[in-house]
Amino acid sequence: MFSTSFSLISRYVAPVTSNYYEGTGYSKVLLKKRNPALVISMALKFRSENGLILYLGSEDYYFTVSVEKGIVFIRSNLLDTPATSDQKLFPVRVCVFASVSLVPFLNEGRLGGGPDHQCIHRKNYLSRVASKEVASAQAAYKNDDFKESYIGGIPEDLRTRDNITMRPFKGCLTNLKNVDVTEQVGVSKGCPEQSLVVRKAEFNLQSSLSADLKGLGLDKDVTVSLGFKSMQSRGLLLQDKQPANGMNLRLENGHVVLHFNDRMWKSNKQYNDGQWHYLTVTRRAARIELLVDDEDKGQEESGTSVPDTGGLLFLGRNQFQGCMSNLYTRRPDNLYKAEDFGTFVSSGDVLLDVCAADSPAQLMRDRGAKKDVLMQGMDEMSPCVSPAMAEHAYRTYGSVSSLSFSLPLQVLQPRPQISLDVRTRAAEGLLFFATTRGGRAHLALYMSKGRIRLSVGKEKEIFNREKYNDGKWHTVMFSLERKKFRLVVDGIRAQDGQLTNAELASMQHFVSPVYLGSAPEAFHKELKSKALPKQSVPGCIRNFKMNGAAMTNPTTNRGAGPCWEGQTLKGAYFAGSRAHVVINGSFVLGSTFELLFSIRPRSPTGLLLHVGDSSRSPSGGGTGHYLSVYMLRGEVVALVNNGKGEFMVTVKPKASLCDGTFHKISVIKRKNVVQLHVDTVDNYKIGPPSSAPALTKSSLYVGGIPEMLGRQTPPVTASFVGCIQDMNVNGEPVSFERPPAVFGPVNLKECPG
């Protein structure tokens, strides 16, 4: 018997041990002793209608518990049809925890002494928790067969094998009982309320969302922004009719059309291309403006009146097929926050927090984890112990560290509220930088002589007189509010700055992306002319938020690695996700090559070093001259091609690479002989006779390779995760502090102690 039950706990207080599941990963768990029955229990808090809660699998069969369109289902390849009560439980309008009991194991019994096992249903097995049963199923299985158990999602290989398409769980989870967590991907501590907000939805025809948004008045100044994507040429996006005013946004022949009262605007371009687009409608007195993708203002044409909506705001209203996201109305109760679709009333086939393109694999890619990193995450991430890191924090170093965030344009317009935490002992450096269209104005947060300063417009500044370069965490909040700009550090507010009408106008059109740390070289001249630093503050930045929403997924990361809690030691730390460093952009791989370095891995598979052209031939073999050093499931491999064919040498060290200590590796190549040493174990391989060295200049990569190499890739492309120390190439020490190029989350100067 396999059963599950849910009960709402309206006065539940989330404990500090709550974990946030980003909707991209999972927790791998070990099941505790099953005597006589196992009840896996947890408390969930989420606003979505869809998500995978539990997976139990063996080599031959599996069970899943999921929430689908708000209904709980049990699925298995042992069941002819999914088990459900068809009772819609989610989303919960008030965001509370739900107590969940999953009972996959009950007493096993034998029928007639034969080999088959059948679970025996006990009618009173849930009485002690007073929960309501919402789904149950019976199937023949053996408890000990279950080898894979996951909470909140599953790795990609299991999705493919068992044809599971349900997206991972997004929300908060706590009080997980009767299992031991052994590995987590896409899970962080805490329960950030703003992260639970449902910002997107997928609509089908005859579906809609509606809400009575208090304080949204069309009879006064108003700004409404919305993201959308669709392949359909016609459809209703948004409609709101109030007693004397009405607004209607729709697609007609692919064009965005705005009706405001009896006036109409039509975009110049068509937008039914299946890509995300962002529109903003602004009313200031009698002036009304439509803006699509920050450039298309369209043309005004003769219009018609807006149909009545009973005072409600509608999205879709049965006439749209596609996705919408990030609705900003800037009403007083929700001034700088996206509207929560989880609080809207839904009808028809509308999916909350889902868009068709956002498959589990796509969501993982959005986090910067490409195909090879998924492989690393599913069956090669290990027993290695992960270091203690500051949550959502980045370590920045001067000119080599920069993060960019490409944000929906409506997030930046017109009055952004921004916050972050900083920890540093440095007195100078840039923290945040954004610019407006054409570079007419800027918004910059930086440190000078230990003080935190906010620079706005062209030359206006405010600052707090305290010094904050004391190595402690400090919380900084800054914002633009009408003609004022504000700076608050640790609750201490600097004197507000004031903008003129002209300066305010210049601040109306920020452009994406915005930057943490160093600014791109294209802005250096502008920064220098305004006496602003162009390099990052050496230190840690965490909890970056825009309008209250956590910005956890940078668009680009160049050399901003994890930020550690506790002692550190010298070295370069590579955090995966395509992280790599180019230590020589014009290296020549000759007939002789020597490499010496030490590693402390956090994953047993990953690329350590690669140089040369490793294009794969149609038959699968390598061509050209190259050398790759990588780990594969705890073994170290040196792969060489000297122009006459591939050959490799492998060493399995006596001690596990994941034992938390440093391991010394050396690779020596002499013509067609390659030797590999790992600690006290060594091996060598004699390859085909060498051809003349190619003497071609190529990049020498450490820690990983760029995705753009295409077919020029070694067998293992998963980025190395861990620390590298004391690297020497051909007798020359390698410095990671100022490499020619760095990509991804790399901490260039330190590793966790």
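Which residue does Glu461 meet in a salt bridge? The partner is Arg453, and their side chains come together at 3.0 Å, N to O. A salt bridge here is a side-chain nitrogen of Lys or Arg within 4 Å of a carboxyl oxygen of Asp or Glu.

Before we go further, a word on what you are looking at. This is a predicted model, in which local features need pLDDT of at least 70 and side-chain atom pairs count only at pLDDT 80 or more, while totals for chains, interfaces and linings use all residues. Residues are numbered from 1 along each chain as its sequence is written, and side-chain values use heavy atoms, with hydrogens and water left out.

Back to our opening pair. Glu461 counts as partly exposed because its relative accessibility is 30%, whereas Arg453, with a relative accessible area of 19%, is buried. For these words, buried means under 20% relative accessible area, exposed means over 50%, and partly exposed is in between (1.4 Å probe, protein chains only).

Side chains of opposite charge can pair when their charged atoms come close. Across the whole structure, a search finds 22 salt bridges. One of them joins the side chains of Arg486 and Asp496, at 3.0 Å, N to O. This pair links distant parts of the chain: Arg486 sits in strand β36 (residues 484-489), and Asp496 sits ten residues apart from it, in the loop between β37 (492-493) and β38 (497-498). Strands here are DSSP runs of E with at least two residues, and helices are runs of H or I with at least four, numbered from the N terminus. Arg486 is partly exposed, with a relative accessible area of 22%, and Asp496 is partly exposed with a relative accessible area of 22%. Within it, the side chains of Lys297 and Glu289 meet at 3.6 Å, N to O. Lys297 is partly exposed at 43% relative accessibility, but Glu289 is buried at 16%.

Next, please find the open sheet of six strands. Its order is β22-β21-β16-β25-β14-β27, and the pairing is antiparallel. Two strands count as paired if DSSP finds at least two bridges between them. Which strands stand at the edges of the sheet? They are β22 (287-292) and β27 (350-352); each has a single partner strand, so one side of each is left without a neighbour in the sheet. Neighbouring strands are turned by 20° against each other on average, direction ignored. That angle rests on axes, which are lines fitted to C-alpha atoms (for helices over the stretch in contact), with angles that run from 0 to 180 degrees between N-to-C directions. At the β27 side, three bridges join that strand to β14 (residues 200-203), and the two run antiparallel. Here Glu202 stands opposite Leu351 in β27.

Gly254 lies in the loop between β18 (246-252) and β19 (255-260), and it is buried, with a relative accessible area of 0%. Leaving aside residues up to four places away in sequence, Gly254 touches Ser233, Lys269, Gln270, Tyr271 and Asn272; contact means heavy atoms within 4.5 Å. The C-alpha atoms of Gly254 and Lys269 are separated by 7.9 Å, and these residues are 15 apart along the chain.

Finally, the cysteines. A disulfide is a covalent bond between the sulfur atoms of two cysteines. With sulfur atoms within 2.5 Å as the rule, the count comes to three disulfides. In one of them, the sulfur atoms of Cys172 and Cys191 are 2.1 Å apart. Cys172 lies in strand β12 (residues 170-177) and Cys191 in the loop between β13 (179-189) and β14, so this pair ties together parts that are 19 residues apart in sequence. The link is right-handed, with 100° about the S-S bond, and Cys172 is buried at 0% relative accessibility.

Cys540 and Cys563 form another disulfide, with their sulfur atoms 1.8 Å apart. The torsion about its S-S bond is about 90°, so this link is right-handed. Cys540 is buried at 3% relative accessibility, and Cys563 is buried at 1%.

The disulfide of Cys723 and Cys751 has its sulfur atoms 1.9 Å apart. Cys723 lies in strand β55 (residues 721-729) and Cys751 in strand β59 (residues 750-752), 28 residues apart. Cys723 is buried at 1% relative accessibility, and Cys751 is buried with a relative accessible area of 0%.
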